[in-house]
Amino acid sequence: MGMHGDHDLGHTVAGWAGTTIAVAGCTAAAVALAAGSAAGLWLGGAVVVLAAPATWLLHLAGWGKATGPRPVAQQHWRVRDRSARHGHPGCLGCRLAGRGASAPSVTPAVDPPVAPVVVSVTGGPGRP
């Protein structure tokens with residue numbers, strides 16, 4: 001048991017890989033800025049931007065995690081999530097990939113058809 005007890009901090013291969021790629025891009029951009037290299041600055045920025053799709057693809061491959069706590073046996077960061085193939089419930093990344101249940105469709109309530117009202121006027125003063 002670690003310093004945080006039995007709490008699932010969400011450490012995953014996808015999270016660590018995305019963070020590492022982003023840090024490498026920021027480092028490259030910082031070095032390029034200090035060296036006065038515009039091309040290096042653009043390259044570092046491109047690496048930072050590539051961190052998001054890399055993390056997303058790893059998440060879809062099962063190296064991410066669903067929202068919320070995981071069972072204790074699945075909390076290690078190197079445990080692959082086999083349920084990712086079908087999509088995590090409530091996960092935007094899975095919905096963007098066409099996996100999992102999308103937001104429930106809301107159909108407007110329609111009032112049932114009302115039968116026309118027929119008024120029959122018979123009798124009365126001056127009428128047969």
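1. R99 counts as partly exposed, because its relative accessibility is 25%. The classes are set by relative accessible area: buried is under 20%, exposed is over 50%, and partly exposed lies in between (1.4 Å probe, protein chains only). R99 is found in the segment after α3. Leaving aside neighbours within four places in sequence, R99 is in contact with L60, A84, R85, H86, G87 and C94. Contact means heavy atoms within 4.5 Å. P89 is 10 residues from R99 in sequence, and their C-alpha atoms are 9.1 Å apart.

2. A word on the basis. This is a predicted model, in which local features need pLDDT of at least 70, side-chain atom pairs count only at pLDDT 80 or more, and totals for chains, interfaces and linings use all residues. Residues are numbered from 1 along each chain as its sequence is written, and side-chain values use heavy atoms, with hydrogens and water left out.

3. Now the overall layout. The protein chain has 3 helices and 0 strands. Along the sequence the pattern reads α-α-α. Helices (H or I, at least four residues) and strands (E, at least two) are DSSP runs, numbered from the N terminus. Of the 128 residues, 18% count as buried. Among contacts with a separation of 6 or more, 53% are between residues 24 or more positions apart. The protein chain exposes about 9,500 Å², and carbon and sulfur atoms supply 68% of that area. Accessible areas come from the Shrake-Rupley method with a 1.4 Å probe; for residues, only the protein chains shown count as cover.

4. Next, the helix pair. Helix α1 (residues 13-35) packs with α2 at an angle of about 180 degrees, and their axes are 7 Å apart. That makes α1 roughly antiparallel to α2. The axes are lines fitted to C-alpha atoms, for helices over the stretch in contact, and angles run from 0 to 180 degrees between N-to-C directions. Angles under 35 degrees count as roughly parallel, over 145 as roughly antiparallel, 65 to 115 as roughly perpendicular and the rest as oblique. From α1, the residues making the contact include V13, A14, A17, G18 and I21. From α2, they include G40, L41, G44, H59 and W63.

5. H59 deserves a look. H59 lies in helix α2. H59 is buried, because its relative accessible area is 11%. Not counting residues up to four places away in sequence, H59 touches A14, G64, K65, A84, H88, C91 and C94.

6. W42 is also in helix α2. W42 counts as exposed, because its relative accessibility is 70%. A32 is 10 residues from W42 along the chain, and their C-alpha atoms are separated by 8.8 Å.

7. L96 lies in helix α3. L96 is exposed, with a relative accessible area of 63%.

8. Last, the loop between α2 and α3, where G90 sits. G90 is exposed, because its relative accessible area is 56%. G90 and A66 are 24 residues apart in sequence and 8.5 Å apart in space, C-alpha to C-alpha.
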